[in-house]
Each structure stands twice: as C-alpha cells, then as structure tokens.
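Dear colleague,

Please find below the structure that I am handing over to you. My notes on it follow directly after the sequence and coordinates.

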Amino acid sequence: MAYSITLAGQDITLHVDQLTVEIEDTLGQGSGAGSSGGTQGRAATIKFNTDLGPMNTAVGAGQAIPQRTTSPAIVPRIFGGPITGLPIITLHADPSLVRQGEIVVTDASGAIVFGGFATKYTDTTTSVLGNTRRNFTTVEGVDYSTSLQRTIVNETFVAQTDIQIIQFVMSKYAPWIDLTFLPTNASFIFAVKNFRNVSVEQVLQTIAGITGFIIFVDYQKFLRYVSPNSASSAPFNLSDQPDFVLTFPHAVTEFLLDDNSIINRVFFYGGTRTSNNFTQDVSTLANGNNTTFPLAYHPLVTTDGLYHVLVNGAEKVVGRANASGPANTLKSAGGLADVLIDQSADTATFDVAPAGGATVLVKYRYSFPLSLVITDEVSRKFFGGYFDGSISDNTIFDVTTAIQRSKVLLSQQSFGLVTLKIDTYQPGIQSGMLIHVVNAVRGINATYLVQNVVVDPYGSGKFIFHLTLGAWDWNLIDFLLKLPAIVQQDTNPDEVTEFVVLQQLLANVQVRDAWTHASTTPGGYCAHASVLGDGHDAYPGFATITT
C-alpha cells in the first residue's frame, strides 16, 4: 500500500512530489516551560509541493468542489466498420486547490501521520523548454490543534473544574472535536478563571499549564487530555538488539543532560488580590485639631460595599472624596458626610476633628499582589544550591492555582533537562507518546516522552522518523499531580508570601507563612492590645492593626 494525501476529500497523491513532504509533530513543552505559559499541547505542520493550480483559482472550503468528469466512450469509425481493440478515451479535471481544505496524510502502512487544514499556498510555477508552462504550488498547513488558534473565547468560570471548563469551551467554540476520550474525573478546581480575548488553544494550554496534563487534538479529531503517567505508549520500543516484533532498531544522533535549565526554586508573581476586611487604628493622630488621617493602604470598600469609620464606638456617615452628591459632601459644606475617604491620597478626612484621646478606627480592604516562593529540596541537596526561575502570570489570583502552576515547572526542570535524539524507520510514533529505549553503549534503559517527530520521506511510500525524546521526570510529576493536600480552593485572601517546600518524594507539600516578626520602637511608641490614650500608642501602619 502506497502513502496517500487527500485535500478536502480529494486524493491528490499523484499530484504531490513525495520527496518534498515535510511533517513536524511537536509537543508544546519543548525544552521546558520556563517562565512561559507552561503549554503541554501538541502541534504539527506540513509542507509539500504539488502540480495543482493555478493557485489563484483555488476554491474555499465552504464552496462546492468541481467534480471530475468522464467523457462517453469515443469509438472512431472508418470505411468498412468500426475499429476494435482501441482504448476508450476519457477526460477528467484535476483535483482543485481548496483554501482551508482538510489535509490527511497516511503512510504505506495506513497509519495517519498528519491531519489538519491547508492554511498557505505559494505559487512556484516555472517555465520549461519551449512554450509549455506548468502550474506548481507549495502547500502548507497546520494540524487540528493549531487550527484552534483562530477561534476567540470570552468566558468567566467560578468554582469550576478543569474538566467542566474544557467541556464547556469545546462544546461551544469547537463542536467538531470529539470529546469521547475526555476524562470524567477532575484533577483541579479553579476558584476563579477569566478568559478574555484568548483563543481556544490558549484556554486549553492555560489549563494544561496548571494541571501538568498533556492536551491536544489527535489526527482523528479526538481531544486528548492525559496525565503524563497515563500517556499512551508507543506501538513499539527501540533497542540496539531488536527483535523486529516489539522492538526495532534506531540510531542515536544526540544525547545530552542540560544543567543550564535547572530550576529548583520558583518565584511566582500573580494577579492582584483583595484582602479580608481590615481595621486600622488611627487614634494616635486624634488631637482635637487634626482632620486628615493617613491610611496604611490604598482603601477599598469592605465586603458590604461600604467604608466604616468609628469614633469612640459611634459609626460615622462616610462618603467618598472626588465624588458628587450630598452623600459625598461634608456636613459643613451642606452635605451628609462626617468623613470622606480619598482613594487617590489614601486618607480619611473628618468634618470635625476627633478629640484627643478618642478611639478612631477605619475599616476597609486593600489590594496586594499574589506572590509565592516554591522550592524542591531534593534537587537543592543534589546540586548543592538553588537555581532560580520565575513565573509572572497576572491571570492567577488564588494560592492553590499558583502553587500548582509552579509545581509543574519544578517537576519539569528541577533536575535539568534530558534530550535524546533518535532516528528510526518504524512508523506509528507521535509526540506525546511514551517510548522505551535500550542502548547499552550509552547506558540507556529508560522510558522517554516523545517531544518532537520530524517525518521525512525516502521513497516507495516510506518515511524516516527523527525523534526528540526526554525532558520530563515522570515519577516526580506523577507524584506531584496526585498530591491531595493542595487540590483545594484557596479561601484566604490575606496578604502573604507563601513558601512551598518539596521535601522529598512521598512527603506532603507544605505551605507556611513567610513573614517574620521584628519589633519596632520609633518615637517611643508602643503596641498595646487596646488603645490607652497615653500618647505612646503605636503610629498607624506599625502594630496597631486589628482584624
């Protein structure tokens, strides 16, 4: 059986120069997520030359394709009766170029080695001897996964699992993709996840970047979302002593350990969070003359949508500076407010100055950036020190998601990156599969993730497969993904920098507060459990905050 190429259902195999076919199948993780979006998707591209054309007459995928036509039999006659035994002359039209037409390539064994859409045509028409001209066109395409870049998503999800988000997005924005193999059990709960003007593919890769799963659309249009430890195995293995049944020969072209990529301490910087309700004691500024009280943070309304100011336990009417109306005007100016909160200056302005010794409390909330530091102590001990990396993702607002996102990076790169490049003639391998390799000379006897497959033809409908393997430590990532301790929703919005330490395998990930206490005694002020009014209560912003 020869290889075949179809374009929008038309068999164009005889119109394609097989030796020009270039297919590259790549797992999105590549050489490690680093500080990128942490994608674990798969993407493939194709390029080949064809004698179809002219390119300018290509039809669109939504149009009817011109049908092949066959003439009636032409039977020449001469005097004395018909001539018999001559071939029947038939006429037919060549296949048409189809813009955004679906491309499917199968090898000599019938395995699909590419499935996607034609996205670019380049006219390469040349002149031959004499006046004869022939049309030539270079066709380029992307696979089904990559095609999802062209559909934009605008959605907000609250308390939804990874599976629920994927199901909703694919059903609404890409219903042509089959979800039969989508797992039913969720692996992560997103407290809040916003997607604004991002592609379907970005949505999928964002989720995979947090859960650590691999996600892609295969060549049969099935969505695949799999844990690394349950990634499908290759249909064969590679060995330097092959049996040609389960194991086949290979040639190692490159094998390296890249310690330049070690990351065993991750600094995570996320989006802005809002604190719990927060009460600040500003009593020490009350002296009967002062009407402006500075606030420790940029003030936001409390959970009931209001600011609260109490003087000796009595609630005051609070308005907002730089806003109009009686509610936002001081009583001395004809309004209704006793106090105005100024968000631009971070102050509370009183209409009547509180008397000296009065207890003055201001209740509000404030915003602060989410920050985490996560380490892998096993890696630190192995290498004798920390090797830092950072993640900045302002779409993440909760600690749980931030920890998971950082864990994925650590699992990928805490022991550097392993790369193994191999050539084989055996078909059926795709990126995202796991393949076992035995090579005694190099001391290799392990299972690797297929990161990249470059398919080059070498004639007779056969291909050579250039494989790039490695990068992830599967035992570690499987352990991390199964940890139950942090697959929970984050419900504490208090400001904190968290330290997460991966002590060792089979140990729990632990979260601990990174703040330390230091006493401060400027100006002779002291912190007390309650305001004494003796002139030595601590200045606002030091140690006078209660919750």
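**Aromatic residues**

One aromatic cluster is formed by F278, Y297, Y364, Y366 and F368. Please bear in mind throughout that the model is predicted. The count of aromatic pairs comes to 22. In one of these, F213 and Y225, the ring centres are 4.8 Å apart and the planes stand at 35°, so the pair is classed as tilted. F213 sits in the loop between α3 (200–211) and β16 (214–217), while Y225 belongs to strand β17 (residues 223–226), so this pair ties together parts that are twelve residues apart in sequence. Both F213 and Y225 are buried. A further pair, F383 with F387, is edge-to-face, with 6.1 Å from centre to centre and 80° between the planes. F383 is partly exposed, at a relative accessible area of 24%, and F387 is likewise partly exposed, at 34%.

**Overall composition**

The protein chain has six helices and 38 strands. Of its 547 residues, 46% count as buried. The chain exposes about 26700 Å², of which carbon and sulfur atoms supply 53%. Among contacts between residues at least 6 apart in sequence, 69% join residues at least 24 apart.

**Nonpolar cores**

The largest nonpolar core has 43 residues, and those with the most contacts inside it are I5, F48, I103, I429, I435, V437 and L469. Elements giving two or more residues to this core include β1 (4–7), β4 (42–50), β9 (102–106), β10 (112–123) and β35 (462–470). Its largest share, five residues, comes from β34. A second, separate core of 42 residues includes F157, L204, I263 and L372.

Two residues illustrate the contacts made across the chain. Leaving out residues up to four places away in sequence, F48 touches I5, I12, V16, T20, V21, I103, T137, T138 and V139. T419, in strand β32, is buried with a relative accessible area of 19%, since buried means under 20%.

**Salt bridges**

The structure holds seven salt bridges. One of them joins the side chains of K221 and E102, at 3.2 Å from N to O. This pair links distant parts of the chain, with K221 in the loop between β16 and β17 and E102 in strand β9, 119 residues apart. K221 is partly exposed, with a relative accessible area of 25%, and E102 is also partly exposed, with 25%.

In another bridge, between E140 and K120, the closest N and O atoms are 4.0 Å apart. E140 lies in strand β13 (residues 137–143) and K120 in strand β10, so the pair ties together parts that are 20 residues apart in sequence. E140 counts as partly exposed at 22% relative accessibility, as does K120 at 45%.

**Helix α4**

A salt bridge also connects E377 and R380, whose closest N and O atoms are 2.6 Å apart. Both residues lie in helix α4, three residues apart, about one turn of the helix. E377 is buried, with a relative accessible area of 8%, whereas R380 is partly exposed at 26%.

V378 is found in this helix as well (residues 377–383) and is partly exposed, with a relative accessible area of 33%. Together with F382 and F415, V378 makes a nonpolar surface patch of about 280 Å².

With kind regards

Conventions
Residues are numbered from 1 along each chain as its sequence is written. This is a predicted model: local features need pLDDT of at least 70, side-chain atom pairs count only at pLDDT 80 or more; totals for chains, interfaces and linings use all residues. Side-chain values use heavy atoms; hydrogens and water are left out. Patches are made of residues with over 30% relative accessible area and no salt bridge: like charges are joined within 9 Å, nonpolar side chains (Val, Leu, Ile, Met, Phe, Trp, Tyr) within 5 Å. Accessible areas come from the Shrake-Rupley method with a 1.4 Å probe; for residues, only the protein chains shown count as cover. Helices (H or I, at least four residues) and strands (E, at least two) are DSSP runs, numbered from the N terminus. Buried means under 20% relative accessible area, exposed over 50%, partly exposed in between (1.4 Å probe, protein chains only). A nonpolar core is a set of buried Ala, Val, Leu, Ile, Met, Phe, Trp, Tyr and Cys residues joined through side-chain atoms within 4.5 Å. Contact means heavy atoms within 4.5 Å. Rings of Phe, Tyr and Trp (its six-membered ring) pair if their centres lie within 6.5 Å; planes under 30 degrees apart count as stacked, over 60 as edge-to-face and the rest as tilted.
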